[in-house]
Amino acid sequence: MKEIRVAIIGTGDISHRHMTVWSKIPQAKVVAAAEIDERKLKAWGERYNFNEKDLYTDFREMLKRDDIDAVDVCVHNNLHTPVAMAVLKAGYPCYSEKPMSASYADSKLLYDCAKATGQKLAIQISSLFTGQTYIAKKLIEDGKLGDIYHARVACAYHRRRNAFDRGALRTSKAFQDEWMAGHGQFIDLGIYHFGQMLFLLGLPELDCVMGNLYSKVHRHNDAWAASHHLGVEDMGVGYAKFKGGLSLEMMEAAASNIAGLDFDCRDDNYINGSHGGLIITKPDATGGDMARQGGGFGMPASMSPGLVFQGMDEYGFEVKTDYQAYYNQQDLKTYRPELAKYFDNQLHWYSYVVGELNDETRYDTPLVGLNASLLCDGVIMSSELGRSVTADEIKANSKPLAIWKQETPWGVFDYDATF
C-alpha cells in the first residue's frame, strides 16, 4: 500500500480524533500542522512530538512544502469552504470536516472548485461508513423495501435543556457563534442524519421544503444567553417533498424541555416502503471505530448503530429482523478485509487518494454534502420567509455565510473565492 504524507489545518478538539485514526493507518503519516492560535498549536505539537519547523500559524506557508501529498481540514463551519478551496487550488487532495458548509451557496462553491481543479475532495460524514449504512443500502438496492415513499429523521442527538450548552461551550464557543458556525446543530450534527438518509434514498431530486428554526430554550434567560454568545438556533424541523412523490420529515435539536429526549434517544429514523421498512437507530456521529481509542468492539451498546427490517417475507408473513449491523460490520472487516475501507471516513479517503477506490467505487461525500446543504438551507429559508420554498428558489437565493476575511494576531487572512 502506498504511503501518503498528510498535513492538518486546525488543531482544535476534532483534530485529535483525526490523529487517532491516522495513527491506525500505517501508510498515512502526518508531517505538518497549521493553527492560527499559537498557544494551541504549540500544545498540539508537544502532544504529538512534532518539530517546531513543522508547525505553522499560517497554513498558506505550510502548503508551499514539497513533501505533502494530501491535506486534512479541521477548522470551523464557515471556514470550511475558504480553507478547503485554498487547499484544492494549491494542488492537494482535501479531506474536510463536516458540515460541508453552513449554506448551500458555500457548499456549491466548494463542490465546483473541486471539479474545476480536478482535485479529490471528501467530506467527513461518519454515518455513511458503518455496517448500518452498508447493509441498508444493499437491502434498498435489492428492492427488499419495494416502493419507498416516506422517511423520517427525528430526535437524533437531541438533548434536554442546557445539556448542549455545557458540552459545546466547554470546548469551543465557536459552535454557538453565528459568524463562525453559521447555524446550530441542525446543520452541524444534522449532516450525519440527513446525509445518511439522502444517501440511502439514492440522492433523490428535491422538489420543495417547508420548515421552522427555533431559538427558545437557550433564550429563557436573555442575560445568560448574551454572556455565552448564543447566536444559533436550538431546533430545526422540516418537511420535504422530492420529485416522484417521496417525502421526508426532519427534526434536529440541541436542547429540549421534554424529559427523556436525551443522548440515547436516537431511534426515530426510518424508511417506509410498500414491502417493508427500515428502522435506523443510533447513526454514527463520533467518527467511527477507528476514531475511538479502543477501536474494534470498543463501541458501547448505547452508541452502536442498529438496523431493523419490518415487513413481509416472500411467503406473506409479517417479520421483524434485526440485522445486527454493528456485529456484522466487525465480521465483514475480519472476513472480508477489502471492505474495511467502507467502514471508516479517513481510510476511505486514503484509499481514494492512492487509487484503490475511484469515482465509481468511492462514496461521493461532496455530492451527499451538497444535497444535505440544499435540504437544510430549504428549512432555513422557509423559516425566514414563512412559507414553503422550491429547490430552484433555494439554489437562487441561498446566502453565502463563509468567512473570506479573517483577522488574526499574525495578520489578515484574505481568502480567495475565485478558481
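Colleague: Is Asp416 buried, partly exposed or exposed?
Modeller: This is a predicted model. Buried means under 20% relative accessible area, and exposed means over 50%. Asp416 has 42% relative accessibility, so Asp416 counts as partly exposed.

Colleague: Which residue forms a salt bridge with Asp416?
Modeller: Side chains of opposite charge can pair when their charged atoms come close. For Asp416, the closest N and O atoms of the pair are 3.5 Å apart, and the cut-off is 4 Å. The partner is Lys89.

Colleague: How many residues apart in sequence are the parts that Lys89 and Asp416 tie together?
Modeller: Lys89 lies in helix 4, residues 80–89. Asp416 lies in the segment after strand 17 (411–414). So the pair ties together parts separated in sequence by 327 residues.

Colleague: Are Lys98 and Asp188 buried or exposed?
Modeller: Their side chains meet in a salt bridge, 2.8 Å from N to O. Lys98 sits in the loop between strand 5 (94–96) and helix 5 (104–117), while Asp188 is in helix 9. Both Lys98 and Asp188 are buried.

Colleague: What does the count of salt bridges come to?
Modeller: The rule asks for a side-chain nitrogen of Lys or Arg within 4 Å of a carboxyl oxygen of Asp or Glu. By this rule, the count is 18 salt bridges.

Technical notes:
Residues are numbered from 1 along each chain as its sequence is written. This is a predicted model: local features need pLDDT of at least 70, side-chain atom pairs count only at pLDDT 80 or more; totals for chains, interfaces and linings use all residues. Side-chain values use heavy atoms; hydrogens and water are left out. Helices (H or I, at least four residues) and strands (E, at least two) are DSSP runs, numbered from the N terminus. Buried means under 20% relative accessible area, exposed over 50%, partly exposed in between (1.4 Å probe, protein chains only).
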